[in-house]
Amino acid sequence: MHQVATQWIVGLLRDRNIPFIICGGLAAKGYGAERDLHDIDLFVPSEHFSSVVQAGQEFVSKAAAHRQEEGWDLTYVQFKYEGIKVEVGNADGPQIFDSGNEQWVPLNIDFSCYETVHLLGLQLPLMLREDLIRYKSALSRPVDVEDIRDIRQRA
């Protein structure tokens with residue numbers, strides 16, 4: 001079902017020429033992580049965020065809002081498509097909690113720097129491996145530690 005949900009969100013974005021970058025577990029999977037996906041996480045530029053929310057309106061399961069939860073501080077919307085959570089973040093000013101330094105740090109999303117990987121039947125722009133490892137290292141949740149271990153073993 002993750003493939004169907006990914007095809008849905010990617011189709012929605014590409015039909016509207018909206019740039020995006022995949023992060024989280026799906027990006028980790030593209031670099032060799034083995035664990036099951038919980039959801040699909042991606043960012044879009046702030047100027048396109050409201051049009052993404054509008055385009056996916058019928059599938060919204062968490063309204064677009066600024067939230068601080070699970071080590072994240074950002075504005076995002078959550079869709080539920082075919083039972084799969086698809087979380088689209090606004091790239092304007094997201095922060096993550098650096099558990100080692102116990103402080104919030106900016107997560108800079110650069111839509112010009114990504115790696116294209118064939119995954120789930122699609123060519124997807126993934127956050128660069130080093131950037132993904134850096135933010136997952138800062139968060140250091142069990143899923144992040146597992147992803148980093150798998151990515152490094154595969155490299």
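Student: Which residue forms a salt bridge with D147, and how far apart are the closest N and O atoms?

Tutor: Side chains of opposite charge can pair when their charged atoms come close. Here D147 forms a salt bridge with R35, and their closest N and O atoms are 2.7 Å apart (the rule asks for a side-chain nitrogen of Lys or Arg within 4 Å of a carboxyl oxygen of Asp or Glu). This pair links distant parts of the chain, 112 residues apart: D147 is in helix α5 (residues 142-154), and R35 is in the loop between α2 and β2. Helices (H or I, at least four residues) and strands (E, at least two) are DSSP runs numbered from the N terminus. Keep in mind that this is a predicted model, where local features need pLDDT of at least 70 and side-chain atom pairs count only at pLDDT 80 or more, while totals for chains, interfaces and linings use all residues. Residues are numbered from 1 along each chain as its sequence is written, and side-chain values use heavy atoms, with hydrogens and water left out.

Student: Are D147 and R35 buried or exposed?

Tutor: Both D147 and R35 are buried (under 20% relative accessible area; exposed is over 50%, and partly exposed is in between, using a 1.4 Å probe and protein chains only).

Student: How many salt bridges are there, and which residues are linked in a network?

Tutor: The count comes to seven salt bridges. R35, K136, R141, D144 and D147 are linked in a network. D144 pairs with K136, with closest N and O atoms 2.8 Å apart, and these two residues are buried as well. Another salt bridge joins D131 and R134, again with closest atoms 2.8 Å apart. D131 and R134 both lie in helix α4, three residues apart, about one turn of the helix. R134 is exposed because its relative accessible area is 54%, whereas D131, at 27%, is partly exposed.

Student: Which residues line the largest cavity?

Tutor: I21, N108, I109, D110, C113, M127, L128 and D131 line the largest cavity. The volume of the largest cavity is about 50 Å³.

Student: How do I tell a pocket from a cavity?

Tutor: On a 1 Å grid over the protein atoms alone, a cavity is a set of points where a 1.4 Å probe fits but cannot get out, while a pocket is an open set with protein on both sides within 12 Å along at least five of seven lines; lining residues have an atom within 4 Å of a point. Points are joined across faces, edges and corners, and volume is the space filled by probe spheres set on them.
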